[in-house]
Amino acid sequence: MGTVEHDFRIEGMHCAACARRVEQELSRIGGVEQARVNLATEKAYVRYDPDKAAPRALYEAVERAGYRAAAAREHDTFKVVNLTCASCVNRVEQALSRVPGVGEARVNLASGRAFVTYDPAAADAAALRRAVIEAGYGVEEEARGPEEEADAQAWLFNAARLRMIVAWIFTLPVIIWMIPEMFFHFAPFGHGSMNLGMVVLAAPVLFWPGRETLLGAERALRHGTANMDVLISMGTVAAFLTGPFSFVFPIANYAGIAAMIMAFHLTGRYLEAKAKGKASEAIRRLLQLEARTANLIVGGDERQVPIEEVQAGDLMMVRPGEKIPTDGTVEQGESSVDESMATGESLPVPKGPGDPVIGATVNQEGVLQVRATRVGKDTFLAQVIRLVEEAQGTRVPIQEFADRVTGWFVPAVLGVAVLTLALWLLLPGPMRAVVEAAAPYLPWVDPALNRLSLAVVAVVAVLVIACPCALGLATPTALMVGSGLGAANGVLIRHGAAIQALLEARTIIFDKTGTLTKGEPAVTDIRAAGEWSEKDLLRLAAGLEQNSEHPLARAVVSRARQDEGLVIPAAGSFNAVPGKGVRAVIDGRAVLLGNRKLMVESGIEPALDEAIEQLEGQGKTVMQVAVDGRPAGIIAVADVLKEDAPAALAELRRRGYETVMLTGDNPVTAAAIARAVGIDRVLAEVLPGDKAAEVKRLQEEGRRVIMVGDGINDAPALAQADVGIALGTGTDIAIESSDITLVRGDLAAVITALNVSRGTFRKIKENLFWAFFYNLVAIPVAVLGLLHPVIAEAAMASSSISVVTNATRLRRARVQPDLSPPGAHVS
């Protein structure tokens, strides 16, 4: 093929030594003829042999050198037609990876989709599709809505069913005709008529409903590869040819067996399509959730429009029972909204003016006017669908061995078939002895057949028993179901690798603010002194703070507004004392609110010292109030722990996880919060910019680390961790910064993510075990001639169906944790 040139940007180089280091690392790759790095333009220019190296290897070499390849940033997804087994997947991935500029190519056998990441400066969508076509497969663009997608799936399903039915129409007479000879050694209408009838009935099965399989084999062989279609076609054609040959040579007629093999194969394909349809229901259900129309308010009038016509900024009317058309903010009205499709939470969520709402969720009670904020591909639902599709195209590390096996599986089986033929023809004595020993126990074994007939039986059985399909479907189907299950329960998985890493890690780091806590300071304690009541104290403090935007001030005012009988008074002669507090006149009395320094400077005698010390020891901020020069009481404010935090942390400890809290608070405050929530280890006084370094330090201690943060402020730390989990709230999800995003903001969602991962990974391991076990046991039995070809094909079809069916059982898994929070806890 010759050499190709590829250039890409490199980030992080600072000097000539950097450039030289990258050149050296690139030059070490096999197949690279020349590597040049230009420091001024920050670009690498590489000439290489695409048969020996790929762009992905170049990018990985740059990363090994300690820098980052700023290439492969475009993403493309399309459907690949005519995929039949894991060998097909392997071939398409190799073809795509050879395209200059492609950084990563993944193909999902279960969904038939290709996911490609490439450098737009070196490749384009046309080149990707051309590579797939040249590899012998077809390409289908996916610009369909849910109805069109469902129609396409239904057409494929019906076509598979029709092929199966036609095959059995011709195969059932073959079986009925063979039964008398098998059990009573009697051939109706004579052996000659029976031999001819087998050929006549088998031919339509192979060349009509079986035509797609034969054409698939022809395409594969024409492009120099082999797949499942090749194995089935070789097995059935070899068996069929014994029919005509039996009239000339002394060989048993297995033409009828060929029809039965193809019929079982097509039945397996039909049942597999049915099971895969169930596995891929997650995305179809998400697509069907979308609203079809919206009621827009324009100039005071209301009109219904298709959802495609809604623009950001449009005002929408949503009545009880209707779906909210797209993401937006409530402008007017109050109601409760069923957000279970997004969060998995069954309880409706109250909504009022200013609250965000998610498109496709259902308005329950009141009438809402909603201002559209995101439409089309930018909506929460569109992001979720894209994320689920991407996750279904990723790999799990445990799958790597299976991928390596499928690369040589079919050629290896063809080699075993040749070896089987040689053994039976060259060593007939020992091979026949095995058959004779098994004959009393296996009724389908016939030692009376001649050597060539026994060899044909064994070779055909080897060809049709081998099943790369089960290997290829083991992981993708479990990922399809698992990612869909996660999405339905508010757990959005970006990478399949995160599923395995989540279970291998034993240390979970929680950022404090916004993760363990609500991220909103709230009044936790009010202690009055002297003649004052707690209500009087709150009233005066709210009067002082009502015009301030400080978070602590907002907490005081918010608490006061929750008391229905409390009227916040006006404050006069207001004066802020920077870093200490505020003073003003309320109801003709001089009121101070602030810290200890303000009280000392104002000559106020200390009061409630013991209570202040106790509250500060709990990590709370204490504000003192004085009226007319005398202490009136104290108000404590703190960032409140999420209600389910203690229960969630207790459950994690029960499962054997070490919990760590990352916070900028001082050690005393941090320790108090850790005690309240039940944290094992505290990393205090950590600056925002140092969070990633702390995560790395834990990793250097030999730990595999999960980081849980808000996904925005904690992005570097999430990226550094082995698994980054971002907590979101409604539409506020930071998908790009994490491996897993939790739609709900509560910590129970972390347990849900662990449950989804555990269930998915268990199915992957089960599927891989049975796929490998089946092939390791079945192929040797077939070589020895102990497996009837029809039984072999039925077993092969069953193995694929069982793998897919086992994965779909995951849909019934209960992943929401049963946590019983012990009430409100404060930090």
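V370 is buried in this predicted model, with a relative accessible area of 0%; buried means under 20% relative accessible area, exposed over 50% and partly exposed in between, for a 1.4 Å probe and protein chains only. The residue lies in strand β17 (residues 368-374). Strands (E, at least two residues) and helices (H or I, at least four) are DSSP runs, numbered from the N terminus. Apart from neighbours within four places in sequence, V370 is in contact with D314, L315, M316, V318, G328, T329, V330, E331 and V357, where contact means heavy atoms within 4.5 Å. Between the C-alpha atoms of V370 and P353, 17 residues apart along the chain, the separation is 8.9 Å.

The model is a predicted one, in which local features need pLDDT of at least 70 and side-chain atom pairs count only at pLDDT 80 or more, while totals for chains, interfaces and linings use all residues. Residues are numbered from 1 along each chain as its sequence is written, and side-chain values use heavy atoms, with hydrogens and water left out.

In helix α2 (residues 55-64), the buried residues are P55, L58, Y59, A61 and V62. These residues are on the same side of α2, because they cover an arc of only 155 degrees around the axis; the arc is that of the directions from the helix axis to the C-beta atoms. An α-helix has 3.6 residues a turn, so residues three or four places apart point the same way. After α2 comes G66, with a positive phi near 100 degrees.

An open sheet contains 6 strands in the order β20-β25-β24-β23-β22-β21, and the pairing is antiparallel. Two strands pair if DSSP finds at least two bridges between them. At the edges are β20 (517-528) and β21 (572-577), each of which pairs on one side only. Direction ignored, neighbouring strands of the sheet are turned by 20 degrees against each other on average. The antiparallel pairing of β20 with strand β25 (residues 630-641) runs over 8 bridges, and I526 stands opposite I635 in β25.

Helices α27 (residues 748-783) and α28 (residues 789-808) pack at an angle of about 170 degrees, with axes 9 Å apart. Axes are lines fitted to C-alpha atoms, for helices over the stretch in contact, and angles run from 0 to 180 degrees between N-to-C directions. The two helices, α27 and α28, are therefore roughly antiparallel (over 145 degrees). From α27, K763, E766, N767 and Y774 meet A792, A795, M796, S799, V803, N806 and A807 of α28.

Definitions and conventions:
Angles under 35 degrees count as roughly parallel, over 145 as roughly antiparallel, 65 to 115 as roughly perpendicular and the rest as oblique.
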